[in-house]
Amino acid sequence: MGLPALEFSECCLDSPQFRERLRFHEAELERTNKFIKELIKDGKSLVAALKNLSAAKRKFADSLNEFKFRCIGDAETDDEICIAKSLQEFATVLRNLEDERMRMIENASEVLITPLEKFRKEQIGAAKDAKKKYDKETEKYCGVLEKHLNLSSKKKESQLQEADSQVDLVRQHFYEVSLEYVFKVQEVQERKMFEFVEPLLAFLQGLFTFYHHGYELAKDFSDFKTELTISIQNTRNRFEGTRSEVEALMKKMKENPHEHKNISPYTMEGYLYVQEKRHFGTSWVKHYCTYQRESKRITMVPFDQKSGGKGGEDEAVTLKSCTRRKTDTIEKRFCFDVEAVDRPGVITMQALSEEDRRLWMEAMDGREPVYNSNKDNQSEGTAQLDSIGFSIIKKCIHAVETRGINEQGLYRIVGVNSRVQKLLSILMDPKTATETDTEICAEWEIKTITSALKTYLRMLPGPLMMYQFQRSFIKAAKLENQESRVSEIHSLVHRLPEKNRQMLHLLMNHLAKVADNHKQNLMTVANLGVVFGPTLLRPQEETVAAIMDIKFQNIVIEILIENHEKIFNTVPEAPASNSQLLLSRKKSTESKPPSCSERPLTLFHTAQPNEKQENRNSIINSSLESVVSSNANSFLNSNSAPQPSLNSSDLELEVIKPNRPNSLPQNPSPTSPLSPSWPMFSAPSSPMPTSSTSSDSSPISSPLRKARALYACKAEHDSELSFTAGTVFDNVHPSQEPGWLEGTLNGKTGLIPENYVEFL
C-alpha cells in the first residue's frame with residue numbers, strides 16, 4: 001500500500017489519525033533523505049576510486065535495487081509503475097556492466113551528485129524546516145489554549161473577550177502553518193518521483209557513452225529508457241496540474257475553512273477536556289472524542305498533541321442525556337454534562353469555545369437550540385439531458401467535424417468566456433433549440449463551440465457518468481490488466497441511465513474521430529482523456545485524494561474512446577467466476593512485447609561492417625519512429641478492417657502470443673508539441689490488450705496463411721521485413737531458420753520474427 005493522502009480538512013481537527021498519517025510521510029521523507037545521502041556517497045566513491053570500481057558499482061547497484069518507491073494513493077498508474085521499477089532496471093544494467101569491467105564514467109558529479117544534493121537540500125531540507133515550524137506552533141497553540149481554558153469565568157467580560165480573540169489568532173496561525181506543512185510534505189513526496197529519477201537516468205546515459213563493450217547493453221536498454229522518459233514527463237505534467245489543484249484547494253481552505261469540512265462518519269468529533277476525579281481533587285484530561293447520533297455512542301481517546309502519544313485506554317459509552325453546565329456552578333468555561341447508559345455518574349466535559357460547545361450540544365440533542373449549519377451551496381444546473389440537450393451537443397459535434405476537426409489543440413484551447421456564454425444562451429433558447437435543421441453559423445469560432453460543449457456538460461446537475469459510479473469507474477481503471485479494465489468499464493457503462501449512456505455514446509464516437517486526426521490536431525486519445533476526464537467523471541467532493549485520482553479519470557476516458565464500438569454496441573459479458581478471473585490475470589501478465597534479446601538470430605546472413613555501424617548509429621531514431629508509427633498504424637488498421645468476433649471454433653486457431661518484458665514500451669502515442677522535453681510522445685495510461693492461449697498450443701503450419709504484426713520491428717538485414725504494429729502479411733509460412741517465418745508485404749518477401757505476429 002502507498003502513503004495515505006493528507007487531507008487539508010483534517011488540519012483543523014488535528015486528530016490522532018491525522019498525526020499518525022503525517023508521521024508516515026515524515027518517516028518516508030527521512031528514509032529518502034538517508035538513501036540520497038548514501039547514494040551520493042556511493043557515487044563519489046565510484047568516480048574517485050578506479051581501483052575499487054567494481055566493488056563501488058556493485059554496492060551502488062544493490063542500493064538502487066533495495067529502494068522501493070511509495071506513491072500517494074491506493075493504486076499506481078502505468079507511468080508510476082514504470083518509474084517505481086526503474087531503480088531495479090538500473091541495478092540490473094549496472095551489474096551487467098560490472099561484469100564487463102568497463103572504465104569509470106566521467107562527469108558523474110555534474111549529472112548525478114549535484115542534482116541529488118540540490119533536491120535533498122532544497123526540497124527535503126525545506127520540508128524539515130517546515131516541520132520545525134509546525135512543531136513549534138503546535139506547542140505554542142496547545143500552551144496558549146490550556147492557559148486560556150484555565151481562566152476563571154469570574155474575570156471581567158472584557159478580559160475574557162480579549163483572551164478569546166488572542167486564542168483565535170493563535171489558532172488561525174497554527175491552522176495556516178499546519179496547511180502549509182501538509183502541502184509541502186505532499187509536494188516533496190510527489191516531486192521526488194521525477195527529480196530523483198532523472199539524475200539517475202542521465203548518469204546511466206553517460207555510462208553508455210563511455211563504455212565501449214557496453215554498447216550492446218545500451219541497445220537493449222534504449223526501449224525502457226524511452227518508456228521511462230515518457231513516464232517521467234507525463235508524471236511531471238500530472239504533478240504540475242495536480243499541484244495547482246491542490247494549491248487552489250489549500251487557498252480555499254484558508255479563506256473558508258468551515259465550508260470545506262471533510263465528510264465524516266461521525267455526527268461530531270473533536271477535542272474535549274474531560275473532568276476526572278483523583279484522590280486529591282480533580283483534573284482535566286484532553287481527549288479526542290467522536291459521537292454518532294444513530295447509535296448514540298461516544299468514544300473518548302486520551303491524546304496529547306504535544307507529545308503525539310495516547311495517554312491511556314480508549315473509552316466508549318452510550319449517551320443518555322446531555323445538559324449544558326451553568327457558568328455559576330463551575331469555574332471552567334464552555335462546560336456541559338453527559339450522562340451515559342452504561343456508566344454511573346455524570347461526565348463533565350469542556351469544549352474549546354462557546355461555538356464548539358453549541359455544536360456538541362446540537363449533535364447530542366442537548367438543551368441548546370439547534371442551528372442548521374449544513375447549507376447546500378450547490379446551485380442546480382440549468383442544463384438537462386433532454387431533447388434540447390441532445391440537440392445542442394449534436395449541433396456542436398456537427399460543426400466541429402465539418403469545419404474544425406483538424407484544428408490544432410482542439411478542445412484543449414478554450415474560447416472567450418463571454419462568447420461561449422452568448423452561444424450557449426442562443427443554443428439553449430427553446431425557440432431555436434427545437435429547430436433540428438439549424439446549424440451553428442460559421443461566424444462562431446471552433447474553440448468557442450468546443451468550449452460551449454464542455455461548459456454544457458459541466459452545467460448538468462451531475463456529471464454525465466454520475467457521482468454514484470465515480471468510485472467504481474476509478475477502481476476499474478486501477479485493475480491490473482487492460483482486459484479487466486475494459487470489461488469492468490463496459491459493465492459500468494451499461495448500468496448508467498439510458499439518456500446518460502446515449503449522450504456518452506454520442507460523445508465517445510465524436511472523440512474517436514477527433515483522435516483519428518491527431519496528426520493534424522495534435523489531440524491524441526491521452527490528451528482527450530486529460531481534457532474530458534474531470535468534466536465527465538468529476539468527484540462529488542473536492543479533496544486531495546480526489547485530485548490524485550484525476551489520472552485514473554483520464555484513463556477511463558481513454559478506454560471509452562479506444563473501445564467505444566465494443567462498449568456501446570455490445571452487451572457486457574456475465575461476471576466471470578473466480579477461477580476464470582485468476583486465469584485471465586495470469587494470461588495478462590504473460591502477454592508482454594518481446595525484447596531485443598528475444599529476437600531470433602539469423603543463421604545464413606551476416607551484416608557487413610558498414611551496415612552494422614549504420615544500424616548502431618540510427619538505433620535511437622529508428623526505435624522512436626517505430627514507437628510513433630506503431631500506434632498510428634495499429635489505430636488505422638483497427639478502423640479500416642472490422643474484426644470478426646471469435647466463436648468456439650475460432651478459439652482453436654489462436655496462436656501463442658510471446659512474452660513481453662517490462663523494458664519495452666507498450667503502445668506509446670504522439671502528443672501535443674507543447675510538452676517541453678519529449679514533444680513527440682506521451683506515455684500510455686493503459687496498455688493494449690493481447691490475448692493468449694495455453695502453453696501447449698502452437699501456430700498452425702498450413703501454407704499461404706495471413707498474419708498480423710503484434711509489435712513494430714526494424715529490419716537489421718536485407719533478408720528481413722520492416723513493419724509496424726497491425727501490419728497484415730500474405731503467404732506466411734514457416735522458414736528454414738528456427739524462430740522465423742517467411743511472408744510477403746507490399747510485394748516483397750522476407751523474414752518475420754515468429755513471436756512478433758499472430759495468425760489470422
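The legends below describe close-up views of a predicted model. Residues are numbered from 1 along each chain as its sequence is written, and side-chain values use heavy atoms, with hydrogens and water left out. Because the model is predicted, local features need pLDDT of at least 70 and side-chain atom pairs count only at pLDDT 80 or more, whereas totals for chains, interfaces and linings use all residues.

**View 1. Strand β6 and its two pairing partners, β5 and β7**. Helices (H or I, at least four residues) and strands (E, at least two) are DSSP runs, numbered from the N terminus, and two strands pair if DSSP finds at least two bridges between them. Strand β6 spans residues 335-340, and five of its six residues are buried (under 20% relative accessible area, with exposed over 50% and partly exposed in between; 1.4 Å probe, protein chains only), so the strand is largely enclosed by the rest of the structure. Strand β5 (residues 315-324) runs antiparallel to β6 and is joined to it by five bridges, with Thr323 having Asp337 of β6 as its bridge partner. Five bridges also join β6 to β7 (residues 346-350), again in antiparallel fashion, and here Cys335 has Gln350 of β7 as its partner. β6 and β7 form a hairpin with five residues between them, and Gly345 in the turn has a positive phi of about 85°.

**View 2. Two cysteines, Cys322 and Cys441**. Cys322 counts as buried because its relative accessibility is 6%, while Cys441, at 44%, counts as partly exposed. A search of the whole structure for disulfides, defined as pairs of cysteine sulfur atoms within 2.5 Å, finds zero.

**View 3. The largest nonpolar core and the surroundings of Phe196**. A nonpolar core is a set of buried Ala, Val, Leu, Ile, Met, Phe, Trp, Tyr and Cys residues joined through side-chain atoms within 4.5 Å. The largest has 105 residues, of which Phe8, Leu64, Phe90, Phe196 and Phe336 touch the most other members. Helix α6 (residues 108-149) gives the most to this core, with 14 residues. Leaving aside residues up to four places away in sequence, Phe196 is in contact (heavy atoms within 4.5 Å) with Phe35, Ile36, Leu39, Phe67, Phe69, Leu87, Leu116 and Arg191. Apart from this core lies another, of 63 residues, including Met465, Leu511, Ala515 and Ile561.

**View 4. Helix α19 and what covers it**. In helix α19 (residues 525-536), 10 of the 12 residues are buried, so the helix is largely enclosed by the rest of the structure. Among the buried residues are Val525, Leu528, Val531, Phe532 and Leu536. Their cover includes α14 (446-459), α17 (498-516) and α21 (550-562).
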